[in-house]
Amino acid sequence: MTVYALVAGGEVVLIDAGWESEQGWQALLSGLGALGAGAGDVSGVLATHNHLDHIGLARRIIEESGAWFGMHPADAEHIEAPHYRKPEVARRVESEWMRHLGATPDQVTRVMDARESTWGRRQRAARADRYVAHSEVLAVPGRQLRAVHVPGHTPGQVCFVDDAAGLLFAGDHLLPRISPNVPADRRPEQDALGDYLDSLQRVSLDADYEVLPAHEWRFRGAAERAAEITAHHQGRLAEVVCALRMSPGATAWDIAAKLTWSRPWEQYGGYVLFSAVNETMAHLMHLVHRGTAVVLEGSRTPRFAVRRAGG
């Protein structure tokens, strides 16, 4: 996970904050020190999105310096909700969602046990005191950043573009080697994967810019990378349709086990397993929104089938 520090005139603004850990804190202090700054010099933190590896240290930075903390309202409102902040509510809501995806009681228990450390970190997560809007131009040390709302990985993910320098701070939206997880939106009217594919086109316009992602390494060729990720998801959608033809009436959990992953499905567990099934659900719901698949009636857990011609 990479934190970017924008430094000028003794002032520092961070893009993302890093994972909440003592090791992460010391690494952040070391990086700031190399720039001739310290935690007390940080005047603001811009979050690309609300995942804990990106916002975990924001609270400690704010306590150290009084910095402001900004993110898109869609993500800021999510981390204010009881299902995020209150462990007992979070456990219930997450368990219900896993059952919705088709998990057995044993699978729910194993995934929830693996996620136990998450709830405390959510309680401690800093609250945003500044909202960042699409197309807003933010004055930060030595730069003007243009915010680009790119929902998909989260509903409120934002990229920050420095047009003068030709830089795209991409967060998790555009990565050089892997495709970021695109989880299903729990509102059935929303198409998270469709949003993500649309968002890829939004940043690929900055094709000649250098991309600074939150993971892996810097690279050029945003348009080419966006096209590669789009092709990956189109291939995955075709694979899901094939699995549905073989197993009509399957749940998202059933279908996920039939897809091709980076390692054998039996080796998946904990949050990684949950993320894989959640992304499978996003693909299924995209097919439903596209009219290729349908949700069968008569079951509390959604079961899917390929739409019949003329159906």
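Predicted model: local features only at pLDDT ≥ 70, side-chain atom pairs only at ≥ 80, totals over all residues.
Residues are numbered from 1 along each chain as its sequence is written, and side-chain values use heavy atoms, without hydrogens or water.

**View 1. Helix α1 meets helix α3.** Here α1 (residues 22–34) packs on α3 (residues 58–65) at about 50°, with their axes 11 Å apart (axes are lines fitted to C-alpha atoms over the stretch in contact, and angles run from 0 to 180 degrees between N-to-C directions; helices are DSSP runs of H or I, at least four residues, numbered from the N terminus). The two helices are therefore oblique to each other. Their crossing is right-handed (the near helix is turned clockwise from the far one by less than a right angle; anticlockwise is left-handed). Look for Glu22, Trp25 and Leu28 of α1 against Arg60, Ile61 and Glu64 of α3 (contact means heavy atoms within 4.5 Å). Three of these residues are nonpolar and three charged, with no polar ones (Ala, Val, Leu, Ile, Met, Phe, Trp, Tyr, Cys and Pro count as nonpolar, Asp, Glu, Lys and Arg as charged, and the others, Gly among them, as polar).

**View 2. Helix α9 packs with helix α10.** The axes of α9 (residues 192–204) and α10 (residues 222–246) lie 8 Å apart at an angle of about 160°, which means that α9 is roughly antiparallel to α10. This crossing is left-handed. On the α9 side you will find Leu193, Tyr196, Leu197, Leu200, Gln201, Val203 and Ser204, meeting Ala222, Ala223, Ala226, Ile229, Thr230, His233, Gln234 and Leu237 of α10. By class, the contact has ten nonpolar and five polar residues, and no charged ones.

**View 3. Helix α6 crosses helix α12.** The axes of this pair come within 10 Å and cross at roughly 60°, so α6 is oblique to α12. α6 passes α12 in a left-handed crossing. Glu94, Trp97, Met98, His100 and Leu101 of α6 touch Phe274, Val277, Asn278 and Met281 of α12. Six of the contact residues are nonpolar, two polar and one charged.

**View 4. The second largest pocket.** Its volume is about 170 Å³. Around the pocket sit Trp97, His100, Asp185, Arg186, Pro188, Met281, Met285, Val295, Pro302 and Phe304 (on a 1 Å grid with a 1.4 Å probe, a pocket is an open set of points with protein on both sides within 12 Å along at least five of seven lines, and lining residues have an atom within 4 Å of a point; a volume is the space filled by probe spheres set on the points). Helices α6 (87–101) and α12 (270–290) each give two or more residues to this lining. Seven lining residues are nonpolar, one is polar and two are charged.

Terms used: Parallel < 35°, antiparallel > 145°, perpendicular 65-115°, else oblique.
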